[in-house]
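Please look through the structure below with this briefing beside it.

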Amino acid sequence: MEALYFQTNSLIQETQQCFEQLSNTRVDTGAVEADIQTKLAAINANCDRLDVLVYKVPATQRQNAKMRVDQLKYDVRHLNAALQNFQRKQTRRAQEQAERETLLNKRFTANPETSIDIDYSLQHHNSMHNAHRGVDEMIMTGSNVLDGLRSQRETLKGARKRIMDVGSTLGLSNQTMKMIERRLVEDKYVMIGGMVLTLLIIVLVIYFFVY
């Protein structure tokens with residue numbers, strides 16, 4: 001196990017040196033990248049073998065051996081992440097170079113019926129302008145609705161006042177009608193009393209003068 005451990009550790013150090021070579025523009029990065037992938041594959045295979053061998057060491061040394069193997073696995077994970085990051089940068093750089101070459105090699109001809117949107121900022125500005133215009137229209141519509149509600153409120157207030165005036169007038173008319181009806185009843189009683197009193201006087205006069 002010790003020999004395999006030192007071999008794996010040596011491969012990790014060699015891989016780290018290969019990563020340092022990638023920053024050199026005069027080096028064939030493709031060959032270095034392939035060498036790194038080969039070394040990482042060997043390191044991963046060695047780590048798998050070490051995971052099995054660690055359980056064959058004496059129990060008193062097993063914890064220490066497992067920690068050493070875990071450290072190797074930790075280092076190889078960082079190397080794998082570094083390789084993936086380098087590959088992503090290479091892919092992005094290649095795409096940018098291809099787009100640059102396509103743009104430089106593209107020939108544009110004058111055509112009044114063809115419209116090419118090159119400026120994304122102009123499109124964004126137009127979209128924002130349309131959005132602002134839509135918001136302004138919504139605000140104007142809301143303002144018109146509020147004005148309409150205010151007008152309806154004033155109309156309802158006037159109608160309420162007229163209703164209260166009519167109600168007050170009706171209340172006064174009802175009171176007046178009740179007074180008139182009461183006066184009619186009183187007049188009716190006065191008339192009946194007068195008639196009775198007149199008849200009584202006539203009867204008394206006839207009684208005293210005839211008998």
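K39 is found in helix α2, where helices are DSSP runs of H or I with at least four residues, numbered from the N terminus. This is a predicted model, in which local features need pLDDT of at least 70 and side-chain atom pairs count only at pLDDT 80 or more, while totals for chains, interfaces and linings use all residues. Residues are numbered from 1 along each chain as its sequence is written, and side-chain values use heavy atoms, leaving out hydrogens and water.

**Surroundings of K39**
- K39 is buried, with a relative accessible area of 13%; buried means under 20% relative accessible area, with a 1.4 Å probe and protein chains only.
- Not counting residues up to four places away in sequence, K39 touches L11, E14, T15 and C18, a contact being heavy atoms within 4.5 Å.

**The largest nonpolar core**
- This core has 19 residues, of which F19, L22, I36, L40, I43 and L72 touch the most other members; a nonpolar core is a set of buried Ala, Val, Leu, Ile, Met, Phe, Trp, Tyr and Cys residues joined through side-chain atoms within 4.5 Å.
- Two or more residues come from each of α1 (2–22), α2 and α3 (59–105), and α1 gives the most, with seven residues.
- Leaving aside neighbours within four places in sequence, L72 is in contact with Y5, T8, N9, I12, C47 and L50.

**Confidence**
- The protein averages a pLDDT of 77, pLDDT being the predictor's confidence in each residue, from 0 to 100.
- Confidence is highest in helix α2 (residues 29–53), at a mean of 87, and lowest in helix α4 (residues 120–210), at 72.

Key: Buried < 20%, exposed > 50% of the residue type's maximum accessible area, 1.4 Å probe, protein only.
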